[in-house]
Amino acid sequence: MNSPSPYRSRSLRRGAVAAAVAAGALALGSLAPSAVAVPGDGPAAAPAKKDAVQLRLSALVADDGAPGALAAVRDRSGRTRTYTAGVGDLATGAKVPADGQVRAGSNTKSFVAVVVLQLVAEGKVELDAPLDTYLPGIVRGEGGDGRRITVRQVLQHTSGLPNYTEVMELSDPYRYHEPRELLDAALVHKADFAPGEGWKYNNTGYVVAGLIVQQVTGRPLGEEITRRVIDKVGLKHTYFPAQGDMTIRERHPHGYVKEDGAPPLDITEMDPSWAWGAGALVSTPTDLNRFFSAVIGGELMPAAQLAQMRTTVPAEYVGPGARYGLGLASRPLPCGGLSWGHGGTLPGYVTRGGVTEDGRAVNVAVTAVPPSPGAKQRVADAVDEALCR
């Protein structure tokens, strides 16, 4: 899914950090592609001399300017292979770590939606109840009225709420932001449309969804995601950052902002609270494959709620033929059938992926936002290439 970035990258360029990166910018020259089998995930065949996925990743570096790229591909037999290309750290020239952690951006929305749907299954939330049922008086303003907007509408981007990332200028990527601050920044602006009368990708809705989770459970959103999703399906390298946690904890490629002809700016460390329920999660390509496969396979919710999650509306913004359910998107594959997943974009990292009914799964990440629509499409094309092999 071609999720819009919930951040204005022009606000990130700070002189001291940019100067520190400039000295390492020339390290981009090495492409050093590799393909590695994941231990314990099935037998691995020797990589082909001209592996199509490897060629795609190398092209994202060589032709589209991504500092680094990484991917995990699981085939119908259950075998997983990881791929890397480019450089993981421009300052040192270190390689991209196989299956390294990245900021997963809007993939977070799928995790939040799963938690909400679990609460629906438990009888604690109703999809068609107004937001005021759970957040009385909280969603009020020029941008929307919680008495008229439903839980389903915030999960499906049909609420009409203004998107806070389009109207909120974020000048300091290292400051903590309260979720209510993000919501309030949106609500002073006019609604995009009346509830249920349109579709527009919207980060504000997932701040609202996260607040509902906290109100209903009495626990922080990150704890509920960890307990109900991450631990349940064994995602060993995925976490929701704690307050004040600006680092990426395990092996990871650095993420960069590239703009205005200036040297790449290392934006790996930031306070992701501004993204919160819309995009704060950290994960790996293999963990994302495992998560979306668990979703589609019915491991995380009863069949009735999975059917609701997969009930979609047209979302052509995402791409030709794309549709959006409750925190889950479908796209037609060039080889036939559908892929299910999400995707994410944050400063420094773009992830795209998908899983299929027959067990295929792919996730690709690059370490800078692609500079053009065509370059972004080529990340999605790499996913399709892998899924259609």
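Modeller: Of the 389 residues in the protein chain, 57% are buried, where buried means under 20% relative accessible area with a 1.4 Å probe, protein chains only. This is a predicted model, in which local features need pLDDT of at least 70 and side-chain atom pairs count only at pLDDT 80 or more, while totals for chains, interfaces and linings use all residues. Residues are numbered from 1 along each chain as its sequence is written, and side-chain values use heavy atoms, with hydrogens and water left out.

The protein chain has 12 helices and 17 strands, which are DSSP runs numbered from the N terminus, helices (H or I) having at least four residues and strands (E) at least two. Among the contacts in the protein chain with a separation of 6 or more, 71% are accounted for by residues 24 or more positions apart, a contact being heavy atoms within 4.5 Å.

Against that background come the aromatic rings. A pair of aromatic rings is described by the distance of the centres and the angle of the planes. Rings of Phe, Tyr and Trp (its six-membered ring) pair if their centres lie within 6.5 Å, and planes under 30 degrees apart count as stacked, over 60 as edge-to-face and the rest as tilted. A search of the whole structure finds 3 aromatic pairs. One of them is formed by Phe111 and Phe291, a stacked pair with 3.7 Å from centre to centre and 15° between the planes. This pair links distant parts of the chain, since Phe111 belongs to helix H3 (residues 107-121) and Phe291 to helix H10 (residues 285-296), 180 residues apart. Phe111 counts as buried because its relative accessibility is 0%, and Phe291, also at 0% relative accessibility, counts as buried too.

Another pair brings together Trp199 and Tyr324, whose ring centres are 5.8 Å apart and whose planes stand at 55°, so the pair is tilted. Trp199 lies in the loop between helix H6 (179-187) and helix H7 (204-217), whereas Tyr324 lies in strand E12 (residues 323-324), so this pair ties together parts that are 125 residues apart in sequence. Tyr324 is buried, with a relative accessible area of 0%.

Returning to the phenylalanines, Phe111, Phe291 and Phe292 are linked by ring pairs into a cluster.

Notes:
Buried < 20%, exposed > 50% of the residue type's maximum accessible area, 1.4 Å probe, protein only.
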